[in-house]
Amino acid sequence: KFTCRTRFEKNRLVEAAEDAHLKHEFDADLQYDYFNAVLINERDEKGKFLDLGKEFILVPNDHFNNLPVNISLSDVQVPTNMYNKDPAIINGVFWSESLNKVFVDNFDRDPSLIWQYFGSAKGFFRQYPGIKWEPDENGVIAFDCRNRKWYIQAATSPKDVVILVDVSGSMKGLRLTIAKQTISSILDTLGDDDFFNIIAYNEELHYVEPCLNGTLVQADRANKEHFREHLNKLFAKGIGMLDIALNEAFNILSDFNHTGQGSICSQAIMLITDGAVDTYDTIFAKYNWPDRKVRMFTYLIGREAAFADNLKWMACANKGYFTQISTLADVQENVMEYLHVLSRPKVIDQEHDVVWTEAYIDSTLADQGLVLMTTVAMPVFSKQNETRSKGILLGVVGTDVPVKELLKAIPKYKLGIHGYAFAITNNGYILTHPELRPLVLRVISDFNNILV
């Protein structure tokens with residue numbers, strides 16, 4: 001009953017978002033003010049409200065841990081690295097305004113609901129009820145909804161990924177720093193349903209983790225952090241032999257797929273380099289054509305574009321995407337582009353799959369103690385006839401569900417005197433169990449207490 005009710009609420013959000021987008025045409029000259037969650041109720045030195053910081057009534061609500069919220073309206077958070085008046089942002093915020101009524105109706109139908117939201121593929125995040133977001137001590141809000149596990153799981157199918165990074169002599173200095181940050185950002189976009197490995201190459205192949213030679217590992221938090229630590233050991237020297245690296249990547253993906261392990265779904269090679277002297281079409285003809293089951297995503301590091309044509313060809317010939325990253329500030333937004341490509345098959349087939357994340361502790365409710373949460377989410381697609389064949393993902397809708405609400409649905413009287421119910425995710429993570437006791441470590445320093 002609980003699952004059906006939640007799915008009904010999700011479907012209403014998906015339908016409302018897709019219908020709203022269908023009615024609205026993109027307008028580069030659109031002028032529209034919205035409630036920016038960071039700027040609301042902020043005034044300048046003359047006492048006037050800041051631009052996009054209009055008055056937004058906030059009242060403490062015990063259902064939301066006494067946080068000041070507005071249960072009549074949602075507001076919008078835009079990542080710090082994005083311009084909050086970009087035409088794409090303004091248009092998206094404008095048509096997604098229709099979700100306000102659905103948010104409120106859902107909350108009226110089911111008062112047990114807490115946060116409802118829409119994460120846009122453009123980067124903005126519409127949240128209900130509306131709440132004020134506070135930046136950190138550096139004035140930065142690093143949150144980007146597209147990096148969140150619920151967004152990635154709903155937007156794309158599970159995938160096997162091999163990341164190839166060029167560590168030849170030409171990658172010294174800033175280029176290698178950008179390359180490492182690009183790898184880290186790619187890892188941020190991988191979830192527990194995905195499998196990966198990282199190979200550095202020059203004249204030879206260098207597995208970032210030598211113990212995992214020739215295989216892929218699950219992209220869980222521990223594995224990703226382990227690989228990040230090993231990225232610091234990379235240094236640039238020698239000549240880049242991309243053909244050796246491509247052969248290895250295709251062999252790994254093929255062998256791993258035949259084992260029946262991994263995602264058994266999408267496969268991709270991420271190539272991070274400052275150039276390629278050839279198109280390597282003979283390698284692609286041997287391993288990937290004509291079916292092109294492995295997508296190729298190429299990231300050109302640096303401002304020079306001498307080898308851009310080769311990398312573009314490699315990506316386009318293998319159903320992938322090419323992008324150039326010149327500075328550290330360019331990394332995150334350029335890495336995100338590959339998610340749009342991998343979401344196309346799901347969008348074209350209109351697969352509104354429902355995903356549930358593993359249990360986690362919600363930071364906004366932490367004052368109540370250890371409040372376990374899970375998130376249920378669904379993708380939102382463009383319904384416009386002229387764009388349907390292109391497979392355009394609009395974003396993902398989601399809502400947080402306290403695990404205690406799931407426990408209420410368990411028919412305890414049917415389980416017997418010693419029986420109990422528990423739930424695990426498809427990746428083996430415990431969602432709920434009577435003996436589940438989340439481990440919280442308190443590290444005491446001279447300055448503050450840190451909750452890990």
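Q: Before we start, what counts as buried here?
A: Buried means under 20% relative accessible area, and exposed means over 50%. Keep in mind that this is a predicted model.

Q: OK, cysteine 145: buried or exposed?
A: Cysteine 145 has a relative accessible area of 0%. That is under 20%, so cysteine 145 is buried.

Q: And cysteine 316, buried or exposed?
A: Cysteine 316 comes out at 60%. That is over 50%, so cysteine 316 is exposed.

Q: How many disulfides, then?
A: The count is zero.

Q: Which residues point which way from β6?
A: Lys159, Val161, Ile163 and Val165 point one way. Asp160, Val162, Leu164 and Asp166 point the other way. All of them are buried, the Lys and Asp residues included.

Q: What about β10, how many bridges join it to β6?
A: Seven, and the two strands run parallel. β10 covers residues 266-273.

Q: Which residue in β10 is the bridge partner of valine 161?
A: Alanine 268.

Q: And how many bridges join β6 to β7?
A: Seven bridges join β6 to β7, residues 195-201, and this pair runs parallel.

Q: Which helix does the chain go through from β6 to β7?
A: Helix α5, residues 174-188. This β-α-β crossover is right-handed.

Technical notes
Residues are numbered from 1 along each chain as its sequence is written. This is a predicted model: local features need pLDDT of at least 70, side-chain atom pairs count only at pLDDT 80 or more; totals for chains, interfaces and linings use all residues. Side-chain values use heavy atoms; hydrogens and water are left out. A disulfide is a pair of cysteine sulfur atoms within 2.5 Å. Buried means under 20% relative accessible area, exposed over 50%, partly exposed in between (1.4 Å probe, protein chains only). Helices (H or I, at least four residues) and strands (E, at least two) are DSSP runs, numbered from the N terminus. Two strands pair if DSSP finds at least two bridges between them. A crossover is right-handed if, with the strands pointing away from the viewer, the path from the first strand over the helix to the second runs clockwise.
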